[in-house]
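Let's take a walk through a protein together.

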Amino acid sequence: MPPQIVNAYYQAEMNDVVIPIGILQPPNFDPNADAAANFGGILSIVGHEVGHGFDDKGSKSDANGLLRNWWTKTSRLDFENRANALVQQYNQYEPLPGVHVNGKLTLGENIGDLGGVTIAHRAYRAYVNEHQGGEAPVIDGFTGDQRFFLANGQLWSWISTEAYSRQAAATDNHSPGKFRVNGIVRNVDAWYEAFDVKPGDSLYLPKEERVVIW
């Protein structure tokens, strides 16, 4: 990738994560922004890419990029059970009426999104504990955790035509932006606490149905 491109990737063959300089700009990253915005933004992206090293494909290559099984049978089975639950969740989502997300096709990216948000939020809470006395300031009426999840949601805000949405649902290994947000947060306990999400709310998912990969 050229340095100015707004993108990032993990390469299993080299076991490396590449973050081109072009992505280090708002809304992904701003050195003068609130910490919650940067953790919800660029740090969730970094976590996403690192997570690809442990997704349904990346986990099959070792630290040297060699294609081999380096997990125990128990770990692999547990991972596949959790991953299959995520597949079933995404199979239910409809970017257009009658057009469903392919949970199997998008699994690796969905694992990356879920792991990225989970890891970035843990890192954010560690930052708050170390640098903000355990309690982030309220800014514009939003708590630190709320700002974290709002920043993450802003990463995937886009407009697309119906034709593109249909094509992407059939061929793109990334889920539509709406479900890169809504499909993820409903599995994250911290999001429920941040926004006081209760049974009956549209995105509520019973705790026993929430998928935790890492």
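This is a predicted model: local features need pLDDT of at least 70, side-chain atom pairs count only at pLDDT 80 or more; totals for chains, interfaces and linings use all residues.

Residues are numbered from 1 along each chain as its sequence is written, and side-chain values use heavy atoms, with hydrogens and water left out.

Let's start with helix α4, residues 144-155. (Helices are DSSP runs of H or I with at least four residues, numbered from the N terminus.) From its first C-alpha to its last, α4 reaches 17 Å, close to the 16 Å expected for its 12 residues; the expected span is 1.5 Å times one less than the number of residues. How many residues of α4 are buried? It's 10 of the 12, where buried means under 20% relative accessible area, exposed means over 50%, and partly exposed is in between, using a 1.4 Å probe and protein chains only.

Phe148 touches Ala36, Phe39, Gly40, Val117, Ala120, His121 and Tyr124, leaving aside residues up to four places away in sequence. (Contact means heavy atoms within 4.5 Å.)

Next, the rings. The structure holds 14 aromatic pairs: rings of Phe, Tyr and Trp (its six-membered ring) pair if their centres lie within 6.5 Å, and planes under 30 degrees apart count as stacked, over 60 as edge-to-face and the rest as tilted. One of them is Phe54 with Trp214, edge-to-face at 6.1 Å centre to centre and 75 degrees between the planes. That pair links distant parts of the chain, 160 residues apart, with Phe54 in the loop between α1 and α2 and Trp214 in the segment after α7. Phe148 and Phe149 form an edge-to-face pair too, at 5.0 Å and 90 degrees. Ring pairs also join Phe39, Tyr124, Tyr127, Phe148 and Phe149 into a cluster.

Finally, look at the largest nonpolar core, with 33 residues. Such a core is a set of buried Ala, Val, Leu, Ile, Met, Phe, Trp, Tyr and Cys residues joined through side-chain atoms within 4.5 Å. Tyr124, Phe148, Phe149 and Val188 touch the most other members. The largest share, seven residues, comes from α3.

Notes
Helices (H or I, at least four residues) and strands (E, at least two) are DSSP runs, numbered from the N terminus.
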